[in-house]
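Biologist: I'm new to this one, so could you walk me through it slowly?
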Amino acid sequence: KQWYQRRVAITAGGKPKTAGVNELKFQRSIQSVAEERVGRACGGLRVMNSYWVGQDAVYKYYEVICVDVAHKAIRRDPRVNWICEAVHKHRELRGLTSAGRKNRGVGKGHRHTKVIGSSRRANWKRRNTLSLRRYR
């Protein structure tokens with residue numbers, strides 16, 4: 001079995017245009033998947049970031065930087081103790097690491113206009129919602 005979920009073709013009605021299964025691509029990078037797997041396996045550590053270390057014909061290898069938030073040296077260091085706050089639990093699962101932000105399209109400049117409004121869904125909703133005053 002493959003590591004990704006297969007989309008199955010629908011048979012009970014519906015238009016064929018939306019039933020395609022062949023040209024679907026996974027929308028996140030392998031690096032963000034690697035971060036997610038490490039985050040799930042090491043629940044007590046916080047995933048800070050990751051970087052590419054090598055690849056062969058089958059696999060890509062990434063080194064994932066994890067932080068032990070219970071360690072006193074981390075808690076006392078003002079440069080890194082921001083990651084000890086509860087709001088940073090499982091950043092990798094919410095697309096807040098560098099690789100995850102790239103997949104979400106978060107950034108500055110003309111290439112990142114699709115996510116103004118915090119997400120693609122919020123951006124689409126804002127542009128497609130008609131807002132009318134109560135008394136006109």
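Modeller: Gladly, and please keep in mind that this is a predicted model.

Biologist: Where does Lys-114 sit?

Modeller: Lys-114 is placed in the loop between helix H3 (98-104) and helix H4 (120-128). Together with Arg-120, Arg-126 and Arg-127, Lys-114 forms a positive surface patch.

Biologist: And which residues form a nonpolar patch on the surface?

Modeller: That patch is made up of Tyr-51, Val-53, Val-58, Tyr-59, Tyr-61 and Ile-65, which together have about 600 Å² of accessible area. Two elements, strand E1 (45-55) and strand E2 (60-68), each give two or more residues to the nonpolar patch. Val-53, for instance, is found in strand E1, and with a relative accessible area of 43% Val-53 is partly exposed.

Biologist: Changing topic, how many salt bridges does the structure hold?

Modeller: There are 3 salt bridges in the structure. One of them joins the side chains of Arg-28 and Glu-36, with an N to O distance of 2.6 Å, and another pairs Arg-40 with Glu-36, where the closest N and O atoms are 3.0 Å apart. Arg-28, Glu-36 and Arg-40 are therefore linked in a network of salt bridges. Asp-77 also forms a salt bridge, in this case with Arg-79, the closest N and O atoms being 3.6 Å apart.

Biologist: How many residues apart are Arg-40 and Glu-36 in helix H1?

Modeller: They lie 4 residues apart, about one turn of the helix, and helix H1 covers residues 30-41.

Biologist: What about cysteines, how many disulfides does the count come to?

Modeller: The count comes to 0 disulfides. For Cys-66, the closest cysteine sulfur is in Cys-42, and because the two sulfurs are 5.5 Å apart, they are too far for a bond, given that a disulfide needs the sulfur atoms within 2.5 Å.

Biologist: And which cysteine sulfur is closest to that of Cys-84?

Modeller: That would be the sulfur of Cys-66, but it lies 14 Å away, so this pair is also too far for a bond. As for accessibility, Cys-84 counts as buried at 19%, while Cys-66 counts as partly exposed at 28%.

Note on methods:
Residues are numbered from 1 along each chain as its sequence is written. This is a predicted model: local features need pLDDT of at least 70, side-chain atom pairs count only at pLDDT 80 or more; totals for chains, interfaces and linings use all residues. Side-chain values use heavy atoms; hydrogens and water are left out. Patches are made of residues with over 30% relative accessible area and no salt bridge: like charges are joined within 9 Å, nonpolar side chains (Val, Leu, Ile, Met, Phe, Trp, Tyr) within 5 Å. Accessible areas come from the Shrake-Rupley method with a 1.4 Å probe; for residues, only the protein chains shown count as cover. A salt bridge is a side-chain nitrogen of Lys or Arg within 4 Å of a carboxyl oxygen of Asp or Glu. Buried means under 20% relative accessible area, exposed over 50%, partly exposed in between (1.4 Å probe, protein chains only). Lys and Arg count as positive and Asp and Glu as negative; His and the chain ends are not counted. The place of a charge is taken as NZ of Lys, CZ of Arg, CG of Asp or CD of Glu.
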